[in-house]
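Q: I am new to this structure. Could you walk me through how to read it?

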Amino acid sequence: MIRKDEFVVVYNEEVGAVWYPEYGELKKTTSEHAKAIKECLEKGFKHELSAEEEKKFEDYMRKSFAEGEKLKLRKCQNLLERKTLSRLEIMIANDCNLNCRYCYANAGTYGKKTQRMSPEKACEYLDSLLEGHYDKVGRVSFFGGEPTLCPETIEAICEYFIQAVDSGKIKEMPVFAMVSNATLIDKRMAEIIHRYKIIVTVSVDGPKEINDLLRVDKAGRGVFDRIEEGIHQIEYAGSKVSLLEVTYTAQHQKLGYSKKDIKKYLEQHFEVKGVAIANCEKTEREKELFYKDLNEEEYVNIDAERKIKNHVYRKEFCDIVCDSGYGSVAMMPNGELYPCHFFVEYPEYCIAVYREGDFDFSNYENVAKKLDEAYHTKNKKCKECWTKYTCPVCAAYILLNKEKECEKIRKQQERVVLKCAGE
């Protein structure tokens, strides 16, 4: 008999879709056909079909929707086996000039002693990390805290990679990216962004009214006007902001701002096409800001939708969404390495420490064992779920987030599958 969730069948008034995740097969059909298939599946699960009916239906489903071969599992090499880093996340400073009310990173410090990476230390770390280990870095992301607290360090890192390519130390230039609150982006910082083609994501939570209730400086003052000025400086220098990131809170809902309202406003006000909206997670600082979807029409943020779409159309799959700790690392100002910035509050996830001019990876094996539990085919809960082939949930969410929202994720994926069928 067909296993429960072996086929994903979805439909609306205009179109239906049958997706076989194990084979990567997505087929468009009519709403009526999809509805009939779903009803038949439900009858089978309730043992309401005769043995003959069950056999005919199973044969029909497999012949109609299971063409070709099963998806192949693409294995992920560990950090010490590869020559390429997909991403190097450089935590320029675990410090921030703001004090956003919902900040999960404790005002950018991640609960650690505040530090800023100097240009000299940055180059020293990069020399040690790359030499004899990696000949390519796909993406260098400047993160924090607030990375624009240290423009000289950002500039030094960009120059380091230019020289590394010229000398043959690495094969090609990485893509540079940065997540910033934009409040410190002046003419000089904007010119650095333009000169090194840094892809910039700016954090802003909507119109001034709501943004200035949530995103405030150390004195408690709203920063919308400063964000706007920083974005203008980037534009004056000849570049554009690539993405705006929003943290959606209960305060948004209280003031009557839906996610669609926020997206529309930001796209029009800043003339930016990319807007990603994430729900405010539970925080010890201001618990009343925590937002959980109730009856609001579901909003699929563009990044999650893109990831799911990419997986739907692949003929192979990797059972971990991001390669944090395998192909990418986060580097702290003191040289400690973690899988990504979400892990830096947890000492047990420290991959390596910088000592006497070199990185000590002796704890990496212990961390790798912990990260194994984030593999969708190994995690006890994930391996039984059909979404393991396309789930956009990262290792940090699986390992560190106590409140799982699996049903919400499944519904999200069903909507994207239907959208793919309708395109």
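Q: Which residues of α13 are buried?
A: First, some ground rules. This is a predicted model, where local features need pLDDT of at least 70, side-chain atom pairs count only at pLDDT 80 or more, and totals for chains, interfaces and linings use all residues. Residues are numbered from 1 along each chain as its sequence is written, and side-chain values use heavy atoms, with hydrogens and water left out. Buried means under 20% relative accessible area, exposed over 50%, and partly exposed in between (1.4 Å probe, protein chains only). In α13 the buried residues are Ile409, Gln412, Gln413, Val416, Val417, Leu418, Cys420 and Ala421.

Q: What is the span of helix α13 from its first C-alpha to its last?
A: Helices (H or I, at least four residues) and strands (E, at least two) are DSSP runs, numbered from the N terminus. The expected span of a helix is 1.5 Å times one less than its number of residues. Helix α13 covers residues 406-422, 17 residues in total. Its span is 25 Å, close to the expected 24 Å.

Q: What is the strand order in the open sheet of three strands?
A: Strands of a sheet pair through backbone hydrogen bonds, either parallel or antiparallel. Here two strands pair if DSSP finds at least two bridges between them. The order is β1-β2-β3, with antiparallel pairing. β1 and β3 (25-29) are the edge strands, each pairing on one side only. β2 and β3 are joined by five bridges. Ala17 has Lys28 in β3 as its bridge partner.

Q: Which helix packs on this sheet and touches β2 and β3?
A: Contact means heavy atoms within 4.5 Å. Axes are lines fitted to C-alpha atoms, for helices over the stretch in contact, and angles run from 0 to 180 degrees between N-to-C directions. Helix α2 (residues 51-65) touches β2 and β3, at about 90 degrees to β2. α13 also packs on the sheet, touching β1, β2 and β3, at about 115 degrees to β2.

Q: What is the order of the open sheet of eight strands?
A: The order is β10-β9-β8-β7-β6-β5-β12-β13, and the pairing is mixed. β10 (274-279) and β13 (337-338) each have a single partner strand, so one side of each lacks a neighbour in the sheet. β5 (residues 84-93) and β12 (residues 328-331) pair in the parallel sense over four bridges. Arg87 stands opposite Ser328 in β12.

Q: Which strands does helix α3 lie across?
A: Helix α3 (residues 119-130) lies across β5, β6 (136-144), β12 and β13, at about 160 degrees to β5. Helix α4 (residues 151-167) lies across β5, β6 and β7 (175-180), at about 180 degrees to β6.

Q: How many aromatic pairs does a search of the whole structure find?
A: Rings of Phe, Tyr and Trp (its six-membered ring) pair if their centres lie within 6.5 Å; planes under 30 degrees apart count as stacked, over 60 as edge-to-face and the rest as tilted. The search finds 18 aromatic pairs. One of them is tilted: Phe7 and Tyr20, at 4.2 Å centre to centre and 35 degrees between the planes. Phe7 lies before β1 (8-11) and Tyr20 in β2 (residues 16-20), so the pair ties together parts 13 residues apart in sequence. Both Phe7 and Tyr20 are buried.

Q: Is Thr387 buried or exposed?
A: Thr387 counts as buried because its relative accessibility is 6%. Thr387 lies in the loop between α11 (364-371) and α12 (395-400). Leaving aside neighbours within four places in sequence, Thr387 is in contact with Arg410 and Gln413.
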